[in-house]
Amino acid sequence: MTALAPSPAEALAQHRRFLLDLAALQLGCREDADDVVQDTFAAALAGLPGFSGAVPLRAWLVGILRHKIVDAIRRRARYVRLDADEALPADEREFDDHFSADGCWQPSALNGSCPEATLAHRELLELIELCMQKLPPNTARVFLMREFLDFEFSEIAERLELTEGHLRVLLYRARMRLRDCVSRGWSCL
Amino acid sequence: MSASDPTRAGGISCRDSTRLVSESRDRPLDGDEAARLATHVEHCPHCRIAARQFAELFSRIDLLLAREPDDRD
């Protein structure tokens, strides 16, 4: 290895785009996203001496960002609505071709099964990130409210004015799509 | 469909089992649901693969998003 180690600020900056995308998806506004990412970097620089490296740097930054976004959302009287232009199907028909009429898996929809054998840890994380970026924006936003911001199921339904049944389908779709996408990338040869 | 059909194990279909796997990320399954899912996955070869894929996916999502795996209880 001859490359110079990046400075702390450079190391953080490599993750800026990912953090901005996460924040903008939730806050619906680039300026607000810039603000929370700015706050996140300030907190990260201050906390960097205590960063143990036990988790990847990006995961550590994402953990800081989560609190900043949740604070920003809770400070708002009203939550930003879902984009009305994007359809939010309330049914699971898109997965009909994954199953037989009586609900049995079509083996071709499983895409093999050996993640560890084909991809290194880091590549697997990048694959999942890539697959998350491929979700439609509303779906990604709902999914990440639950999986990233850790809002309770009922709070998401209330804030976004969705029925619980509809929200359940949206989360199911996100997870099924991610499984599809990721398993195609790691399928055994 | 015979009673011993592995794709109906636990009295649920594969499709039902994927719904339960998804919902288990949002709420604790009740005892009956958890038992049906466990029985189904144990006997159905397709769902064993899918369950392993979901488990792998969820644990990597937790890592990517800095989640503790037991955060949500």
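User: To start, which loop of chain A does Glu161(A) lie in?

Analyst: Before that, a quick orientation: this is a predicted model, where local features need pLDDT of at least 70, side-chain atom pairs count only at pLDDT 80 or more, and totals for chains, interfaces and linings use all residues. Residues are numbered from 1 along each chain as its sequence is written, with chains lettered from A and ligands numbered from 1 in the order in which they are written. Helices here are DSSP runs of H or I with at least four residues, strands are runs of E with at least two, and both are numbered from the N terminus. On that numbering, Glu161(A) lies in the loop between helix 8 and helix 9 (164–186) of chain A.

User: Is Glu161(A) buried or exposed?

Analyst: The test counts other C-beta atoms, placed from the backbone, within 10 Å of a residue's own: 20 or more is buried, 12 or fewer is exposed, and in between is partly exposed. Glu161(A) has 10 of them within 10 Å. By the way, Glu161(A) has a positive phi of about 55 degrees although it is not a glycine. With that count of 10, Glu161(A) is exposed.

User: Asp150(A) has a positive phi too, so what is its value?

Analyst: Asp150(A) sits in the loop between helix 7 and helix 8 (153–159) of chain A. Asp150(A) has 15 other C-beta atoms within 10 Å, so it counts as partly exposed. Asp150(A) isn't a glycine, yet its phi is positive, at about 70 degrees.

User: Where in chain A is confidence lowest?

Analyst: Confidence is given as pLDDT, the predictor's score for each residue from 0 to 100. Chain A averages 85, and 87% of its residues score at least 70. Helix 3 (residues 30–47) of chain A has the highest mean at 94, while the lowest, a mean of 54, belongs to helix 5 (residues 115–118) of chain A.

User: How are helix 2 and helix 4 of chain A oriented to each other?

Analyst: Axes are lines fitted to C-alpha atoms, over the stretch in contact for helices, and angles run from 0 to 180 degrees between N-to-C directions. Helix 2 (residues 16–27) of chain A and helix 4 (residues 57–75) of chain A have axes that come within 10 Å and cross at roughly 25 degrees. Under 35 degrees counts as roughly parallel, over 145 as roughly antiparallel, 65 to 115 as roughly perpendicular, and the rest as oblique. So helix 2 of chain A and helix 4 of chain A are roughly parallel.

User: What kinds of residues make up the contact of helix 2 with helix 4 of chain A?

Analyst: Two residues are in contact if their C-beta atoms, placed from the backbone, lie within 7 Å. Among those meeting here are Phe18(A) and Leu22(A) from helix 2 of chain A, and Leu61(A) and Ile69(A) from helix 4 of chain A. Ala, Val, Leu, Ile, Met, Phe, Trp, Tyr, Cys and Pro count as nonpolar, Asp, Glu, Lys and Arg as charged, and the others, Gly among them, as polar. The contact of helix 2 of chain A with helix 4 of chain A divides into 10 nonpolar, one polar and one charged.

User: At what angle does helix 2 pack with helix 7 of chain A?

Analyst: The axes of helix 2 of chain A and helix 7 (residues 137–147) of chain A are 9 Å apart, at an angle of about 95 degrees. That makes the pair roughly perpendicular. Leu22(A), Leu25(A) and Gln26(A) of helix 2 of chain A make the contact with residues of helix 7 of chain A including Ala140(A) and Leu144(A). Again, the packing angle is about 95 degrees.

User: How many residues of helix 7 of chain A are buried?

Analyst: Among the buried ones are Val142(A), Phe143(A) and Met145(A). Helix 7 of chain A is largely enclosed by the rest of the structure, because the buried residues number 10 of the 11.

User: Which helix of chain B gives the largest share of the side that touches chain A?

Analyst: Chain B has three helices and zero strands. The contact takes 32 residues from chain A and 28 residues from chain B. Helix 1 (14–23) and helix 3 (45–64) of chain B each supply at least two residues of that side of chain B. The largest share, 13 residues, comes from helix 3 of chain B.
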